[in-house]
Every structure is written in C-alpha cells, then in structure tokens.
Amino acid sequence: MADTYPIRTREETADGYIIRTDYGPKQGVTVVTVHLVPVTDAERKRIRENINRIIAPHGYKLAE
C-alpha cells in the first residue's frame with residue numbers, strides 16, 4: 001500500500017484556531033487540535049461577569 005498523507009485544514013476562530021488532520025476513510029481517523037489564544041485579565045473579568053449574569057437568576061455564582 002502506498003503512503004497515505006493526511007489532509008490538514010486550519011480554521012480561524014474568535015478564540016484561536018482549530019487544526020483538523022484527516023487520515024482518510026481507509027484509516028478512519030481524524031485528529032482535531034484546538035489552540036486557544038491566552039485571555040487577558042480584562043477579557044476574563046468580562047467573561048465571568050457575563051456568565052454570572054446568566055446564572056444568577058438560577059441562584060448560582062462562579063467561585064472566585
């Protein structure tokens with residue numbers, strides 16, 4: 001059998017990027033690797049505030 005080379009695709013996202021490596025139907029394997037860009041403290045604070053705003057009506061709050 002000849003060498004099979006994987007097909008790699010890269011998808012840019014708002015939080016980083018995703019790399020998919022597909023080894024083809026005969027090998028039946030797809031590997032997905034997600035790379036996240038580090039979040040700044042200001043972004044982390046904004047995200048926590050938004051999550052707390054959503055879960056507060058249900059009686060929950062994120063732990064510090």
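Predicted model: local features only at pLDDT ≥ 70, side-chain atom pairs only at ≥ 80, totals over all residues.
**Entry 1: strand β2**

I began with Thr21, which sits in strand β2, a run covering residues 16-22. Its relative accessibility is 9%, so I put Thr21 down as buried, the cut-off for that word being under 20%. Setting aside residues up to four places away in sequence, I listed what Thr21 touches: Pro6, Ile7, Arg8, Val29, Thr30 and Val31.

Next I went to Ile19, which is also in strand β2. Here I read 24% relative accessibility, so Ile19 goes into my notes as partly exposed.

I then looked up Leu36, in strand β3 (residues 30-36). With a relative accessible area of 65%, Leu36 is exposed. Together with Val32 and Val34, Leu36 makes a nonpolar surface patch of about 300 Å².

**Entry 2: salt bridges**

How many salt bridges does the structure hold? I found 4, and I wrote up some of them here.

Glu11 and Arg20 pair through their side chains at 2.9 Å, N to O. I noted both partners as partly exposed, Glu11 at 36% and Arg20 at 33%.

Arg44 and Asp41 form another salt bridge, at 3.1 Å, N to O. Both residues belong to helix α1 and are 3 residues apart, about one turn of the helix. Arg44 is partly exposed at 41% relative accessibility, whereas Asp41 is exposed at 63%.

For Glu64 and Arg48 I read 3.9 Å, N to O, for their salt bridge. Glu64 lies in the segment after α1 and Arg48 in helix α1, so this pair ties together parts that are 16 residues apart in sequence. Glu64 is exposed, with a relative accessible area of 81%, while Arg48 is partly exposed at 26%.

A reminder to myself: side chains of opposite charge can pair when their charged atoms come close.

**Entry 3: one more residue in helix α1**

Last, I looked at Glu49, placed in helix α1, which spans residues 41-55. Is Glu49 buried or partly exposed? At 44% relative accessibility, I count Glu49 as partly exposed. I also took its distance to Arg10, 39 residues away along the chain, and found 31 Å between the C-alpha atoms.

Note on methods:
Residues numbered from 1 in each chain as written. Heavy atoms only, no water. Helix = DSSP H or I, 4+ residues; strand = E, 2+ residues; numbered from the N terminus. Buried < 20%, exposed > 50% of the residue type's maximum accessible area, 1.4 Å probe, protein only. Contact = heavy atoms within 4.5 Å. Patch = residues over 30% accessible without salt bridge, like charges linked within 9 Å, V, L, I, M, F, W, Y side chains within 5 Å. Areas by Shrake-Rupley, 256 points an atom, 1.4 Å probe, with all protein chains shown as cover.
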